[in-house]
Amino acid sequence: MRDRDGVLRQGVVGGLVAATAIVVFFLVVDLARGQLFQTPAFLASVLLGRAEAEVGFGLIVIYTVLHYAVF
């Protein structure tokens with residue numbers, strides 16, 4: 001049981017690190033383009049089936065929650 005807990009902990013930590021690395025990458029790309037948070041807003045709008053991605057707090061939260069849940 002102890003080994004299983006260690007593997008689970010490592011998996012969770014690895015997932016959080018990977019998810020954070022991707023979020024930072026998106027942030028750097030968006031900053032370079034001069035459009036802060038455009039990528040997460042776009043990805044959230046695609047997941048919700050919306051035609052246009054208007055950057056807003058709600059879309060960014062939805063994307064962030066889904067992003068970390070997947071990882």
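At what angle do H2 and H3 pack, and how far apart are their axes? The angle is about 80°, and the axes lie 8 Å apart. Here axes are lines fitted to C-alpha atoms, for helices over the stretch in contact, and angles run from 0 to 180 degrees between N-to-C directions. H2 and H3 are therefore roughly perpendicular to each other; on this scale angles under 35 degrees count as roughly parallel, over 145 as roughly antiparallel, 65 to 115 as roughly perpendicular and the rest as oblique.

Before going further, a word on the model. This is a predicted model, in which local features need pLDDT of at least 70 and side-chain atom pairs count only at pLDDT 80 or more, while totals for chains, interfaces and linings use all residues. Residues are numbered from 1 along each chain as its sequence is written, and side-chain values use heavy atoms, with hydrogens and water left out. The pLDDT score is the predictor's confidence in each residue, from 0 to 100. Its mean for the protein is 89, and 96% of the residues reach 70 or more. Confidence is highest in helix H1 (residues 2–33), at a mean of 92, and lowest in H2, at 89. Helices (H or I, at least four residues) and strands (E, at least two) are DSSP runs, numbered from the N terminus.

Now back to the helix pair. On the H2 side, Pro40, Ala41, Leu43, Ala44, Ser45, Leu47 and Leu48 meet Leu59, Ile62, Tyr63 and Leu66 of H3, where contact means heavy atoms within 4.5 Å. The residues of this contact divide into ten nonpolar, one polar and no charged. In that count Ala, Val, Leu, Ile, Met, Phe, Trp, Tyr, Cys and Pro are nonpolar, Asp, Glu, Lys and Arg charged, and the others, Gly among them, polar.

Next comes the largest nonpolar core, made up of five residues: Phe26, Ala41, Ala44, Leu59 and Tyr63. Such a core is a set of buried Ala, Val, Leu, Ile, Met, Phe, Trp, Tyr and Cys residues joined through side-chain atoms within 4.5 Å. Helix H2 (38–48) and helix H3 (57–70) are the elements that give two or more residues to this core. Leu59 touches Pro40, Ala41, Ala44, Ser45, Leu48, Arg50 and Glu54, leaving out residues up to four places away in sequence. In soluble globular proteins, nonpolar side chains tend to be buried together.

Let us walk along H2 itself. Its buried residues include Thr39, Pro40, Ala41, Ala44 and Ser45; buried means under 20% relative accessible area, exposed over 50%, and partly exposed in between (1.4 Å probe, protein chains only). Thr39 counts as buried because its relative accessibility is 16%. Apart from neighbours within four places in sequence, Thr39 is in contact with Phe26 and Asp30. Phe42, also placed in helix H2, is partly exposed at 45%, and its C-alpha is 9.1 Å from that of Ile60, 18 residues apart in sequence.

Phe37, in the loop between H1 and H2, has a phi near 65°, a positive value in a residue other than glycine. Just after H2, Gly49 takes a positive phi of about 80°.

Finally, helix H1 holds both Gly15 and Val17. Gly15 is buried, at 10% relative accessible area, whereas Val17 is exposed, at 55%. The C-alpha atoms of Val17 and Tyr68 are separated by 9.9 Å, although 51 residues apart along the chain.
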